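Please look at the sequence and the structure shown here. The paragraphs below go through parts of them step by step.

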Amino acid sequence: MNDQNELKVHNEVLFDCLKGLYGNRFSPEMQNDLRAAMETVVKTVVALRSVPPNSYGDLSLPFTPFRKEG
Amino acid sequence: MPTNPLFMPIQSLADLIKARQVSPVDLTKFFLDRLQDMGPKLNAVVTLTRDLAMQQARQSEEEIASGRYRGPLHGIPYGAKDLLATAGGIPTTWGAACFRDRCFDYDATVIRKLREAGAVLVAKLAMVEMAGGMGYRQPNASFTGPGINPWDVNRWSGGSSSGAGSAVCAGLVPFAIGSETWGSILGPANHCGVTGLRPTYGRVSRHGAMTLCWTLDKLGPLCLTADDTGLVLDAIAGSDPLDTTTSSRPFSYDPVPVLRPFKFGVIRNVADEADEAMRANFEVSLQTLKKLGTIEEVSLSDLPYDEMARTILFAEMSSAFEDFIETGGTAQLTAPEDRYTPYTRMVVFARDYIRALRLREIVARQIDEVFTRFDALVGPSRPTCSPKLGEDFPSALRGAAKDTMGAIGNLAGLPAISVPSGFSAEGLPTGIQFLGRAYEENVVIAAARAYQAKTDWHLRHPPGLFGQGSEG
């Protein structure tokens, strides 16, 4: 899939997902705005995925085992 | 009062207070009156904490009179961004109408530390609702109205620490505490022509501060000078068992000038997307910096820095505000775009979030390697001067502008300071930022101090509007 197609498909899938879950909260006008705002998220993650996986570091986890003192 | 304290740096005020030539009570009344008169004109104040302030000021005065001087913040009034919890029935609104009456029964650690340093809380300052994490794209995104820029009342003061920037700029407080997830200290500092310090991630406890993004949020001061930011950071830095992300590395402000030449780096093409005034003043600033040390161009790996920061922010904010979004809370927000945009962040895949976190590890190591050769990377503080009220602005958060230094600095949790670097043809301030190695706040402050010793931009204040304008 080329970049433009990936953007379009991804955008529509996620928009439909949001519409299904929360559509009743938005007027038709707001749904258009929602669709446009969705593009920012999709463009962002698609750009992120362009970095080859072997370029990533290990995950530095903030979690540490807990033991209450005393 | 025998001395006019307006636009006086903290150390100068402190010297007068310590010598008992200025009374903390008189000083507090002076700033409370300014906040009351001018705060509403700038939409800078949410709550004036008059009773608490007078009580703290009287206590300061008594302690100093009895020889118990706490240090340079003793008796100095300040304002706090309204995302810092305050006890005593003082509301903490996060800039949102739905929280206008919400009170906490405890103080944020920063508020406690400043109280212990003897500082006097005079106001909770206005901010962009929910610290701007909901996707706002124009200045009118707070229940207190758009932050108004004291340099031009038709322009925005910046966000999300809007009130902190404009209150310091207009001389309503000697200093303020703001927060930055991505651009919220450096932005208002740039737009209002004040000095803003974003400390290293984990340097300052966020206990009691609104969470927007656990791995990006920082608290820091907005002041008149770089020296002032060091004095304030000295009081608020330190580990805190109530915020497990705080660092145990000690910080002690070092005001001694660095006598050796600085080594500055400039990221290749860093100013290319900045507007004309930002770019031109940055070029002039580089000529000043050449008198302070060396300047070398730096090339960085071609990575999607902005997208990494944005993905982390989107994913974490959607979790931090999950309940607020799920229960329809965004419908009550001021900015129309804040009512629907947060929903789009709820569909960021976990895989993409983890991808961004893993790439961030690479960025942190690569940029640290760069800092083995430089004291600071310098660049324009923001891509633009203050935008007009009522107009959409470009935003890295929304992908409508690039902010490489901001993205890298916040991703890697690095300290940065923005200081005024001149004015646009329209008379709007511009800023230059000094980005430093993790935990090297003293280095970036020293560089900014040296720059301010060679320039007078930080000594200029909005003329006319308040009847007490000053050029000196």
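Which residue of β13(B) is the bridge partner of B:Pro380? The partner is B:Ile432. Keep in mind that this is a predicted model. The pair belongs to a set of four bridges between strand β11 of chain B, residues 376-380, and β13(B), and these two strands run antiparallel.

One of the residues to look for is B:Pro420, whose bridge partner in β13(B) is B:Gly431. β12(B) and β13(B) make a hairpin, and five residues lie between the two strands. In that turn, B:Gly427 has a positive phi of about 85 degrees.

Next, turn to two helices of chain B. The axes of helix α9, residues 305-320, and helix α13, residues 404-411, come within 8 Å and cross at roughly 50 degrees. α9(B) and α13(B) are therefore oblique to each other. The crossing of α9(B) past α13(B) is left-handed. From α9(B), the residues in the contact are B:Tyr305, B:Asp306, B:Met308 and B:Ala309. From α13(B), they are B:Thr404, B:Ala407, B:Ile408, B:Asn410 and B:Leu411. Sorted by class, the contact between these helices has six nonpolar residues, two polar residues and one charged residue.

The last step is the contact between the chains. How many residues does each chain put into it? Chain A gives 26 residues and chain B gives 28 residues. On the side of chain A that touches chain B, α1 (3-22) and α2 (28-49) each supply at least two residues. α2(A) gives the most to this side, with 12 residues. By class, this side of chain A has 16 nonpolar, six polar and four charged residues.

Definitions and conventions:
Residues numbered from 1 in each chain as written. Chains lettered and ligands numbered in written order. Predicted model: local features only at pLDDT ≥ 70, side-chain atom pairs only at ≥ 80, totals over all residues. Axes fitted to C-alpha atoms, helices over the stretch in contact; angles between N-to-C directions. Parallel < 35°, antiparallel > 145°, perpendicular 65-115°, else oblique. Left-handed = near helix turned anticlockwise from the far one by under 90°. Contact = placed C-beta atoms within 7 Å. Nonpolar A, V, L, I, M, F, W, Y, C, P; charged D, E, K, R; others polar. Pairing = 2+ DSSP bridges.
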